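Me: Let's go through this one together. I'll keep asking what lies behind each label, and you set the values against the cut-offs.

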Amino acid sequence: MIEISVQKQLGAVSIQAAFSIDTPGITVIFGASGAGKTSVINMVAGLVRPDEGHIRLHGTTLFDSQARVNVSKHLRRIGYVFQDGRLFPHLNVEQNLVYGSRHHATSRSVTPNTSISLSEIGELLGISHLFSRRPAQLSGGEKQRVAIGRALLARPRLLLMDEPLASLDGPRKNELLPYIASLPSKFGVPVIYVTHSMNEILRLADQVLYMHDGAGVDFGRTEEVLNGPALQHYLPSEDSGSVLHATVVSSEPDVSFCKLDGSSTVLNVSRGGLAVGTELRFRVAAEDVIISTRLPSCTSVQNIIETQIVGFQETHLGLVEMDLDIGRGLKARVSSNAWEQLELKVGRTVYALIKSAAISRNSVVLGSR
């Protein structure tokens, strides 16, 4: 569907990224500030011209340095949602929304895949009641929903989103995340989403491009990249952890039981009322995993997993980080003293203890997508 291979020298930074997207959904470009994330999507949008490479969208070449092809940005039929919405202050919400559809009505370089009406946008994004208001009368979350609607009414073949939640507080972010997560399925449009927020990745990403110092260093399915060696190498050791995917197999009012993908391990999660079959993605910090060499008794910890140490490395903080086999990889961290006193080593069977609250604190529900 989408092929991107671009290079661009911006001052002292060399931007290099190459990846392809062949399934619908949300692709997240993730990395620290200055990693080159926005530069990549600006090249895709036609706002920045690459020095070398190519960009192809649904079989149409938008840029090719060798063939000297560079389709103008207004002909690419790509929607772009910025951090601040960028609504026209002198127009009301309805006028802002229809601006995009009028502006792109004569563009034929890429045939639109579907027709989306103003009323459908208003209903699906929950903004019909705002049509008569001016941007100054909207909250931050409402402005971003209008900005998303305006981009969708341009009938894009691809939607780019550059940290659209960065300026919002926690409640407004949580309000907007379900709308963004539903975009590919409701509107049939793939999304490339830029962020440095781990929570947004957990909630939204079907696949991830991780960038560091201008270069794309890893690309693939979300769990594979977030648990992979490239990201773990660049992350501060205090941020180390594991991202896991599970499905609810039973539920009670105050707790749900979730089976890890590719494993027989069932975890107790402090999130009640989830329907059987609901998918969860969650991050377990390495520091939240307690290690015991014997089966514990009389403990409040609900998740006690018999496992085996399959690898370890010492950190500069005087800690030892180990990899545990629970069907999926699980990271745990102990002090160097504990490592020696417990006589831990690769191949030894141990018990991993994880509090239910530690899982639920960093968990997101994917089943509503």
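**Pocket, rings and sheets**

Reply: The second largest pocket has a volume of about 240 Å³. The model is predicted, so local features need pLDDT of at least 70 and side-chain atom pairs 80 or more, while totals for chains, interfaces and linings use all residues. Residues are numbered from 1 along each chain as its sequence is written, and side-chain values use heavy atoms, with hydrogens and water left out.

Me: What makes something a pocket, and what does its volume stand for?

Reply: On a 1 Å grid over the protein atoms alone, a pocket is an open set of points with protein on both sides within 12 Å along at least five of seven lines; a cavity is a set where a 1.4 Å probe fits but cannot get out. Points are joined across faces, edges and corners, and the volume is the space filled by probe spheres set on them.

Me: Which residues line the second largest pocket closest to its centre?

Reply: Lining residues have an atom within 4 Å of a point. There are 13 of them here, and Gln232, His233, Ser240, Gln313 and Glu321 are the closest to the centre. Helix H8 (229-234), E17 and E18 each supply at least two lining residues, with E17 giving the most, three. Helices (H or I, at least four residues) and strands (E, at least two) are DSSP runs, numbered from the N terminus.

Me: Why is the pair of Phe88 and Tyr99 called edge-to-face?

Reply: Rings of Phe, Tyr and Trp (its six-membered ring) pair if their centres lie within 6.5 Å; planes under 30 degrees apart are stacked, over 60 edge-to-face, the rest tilted. Phe88 and Tyr99 have centres 4.8 Å apart and planes at 65°, so edge-to-face it is. Phe88 sits in the loop between strand E7 (78-81) and helix H2 (93-103), and Tyr99 in helix H2, eleven residues apart. By this rule the count comes to five aromatic pairs.

Me: Is Trp339 buried or exposed?

Reply: Buried means under 20% relative accessible area, exposed over 50%, partly exposed in between (1.4 Å probe, protein chains only). Trp339 has 12% relative accessibility, so Trp339 counts as buried. Phe312 has 41%, so that one is partly exposed. Phe88 at 28% is partly exposed too, and so is Tyr99 at 32%.

Me: How do you know that the charge of Arg86 sits over the ring of Phe82?

Reply: The rule wants NZ of Lys or CZ of Arg within 6 Å of the ring centre and within 35 degrees of the ring normal. The charged end of Arg86 is 3.8 Å from the centre of the Phe82 ring, and sits over it.

Me: Why are E16 and E19 at the edges of their sheet?

Reply: Two strands pair if DSSP finds at least two bridges between them. This open sheet runs E16-E20-E17-E18-E19, with antiparallel pairing. Strand E16 (289-292) and strand E19 (329-335) each have a single partner strand, so one side of each is left without a neighbour in the sheet.

Me: What makes E18 and E19 partners?

Reply: Strand E18 (residues 319-325) and E19 share seven antiparallel bridges. Glu321 has Arg333 in E19 as its bridge partner.
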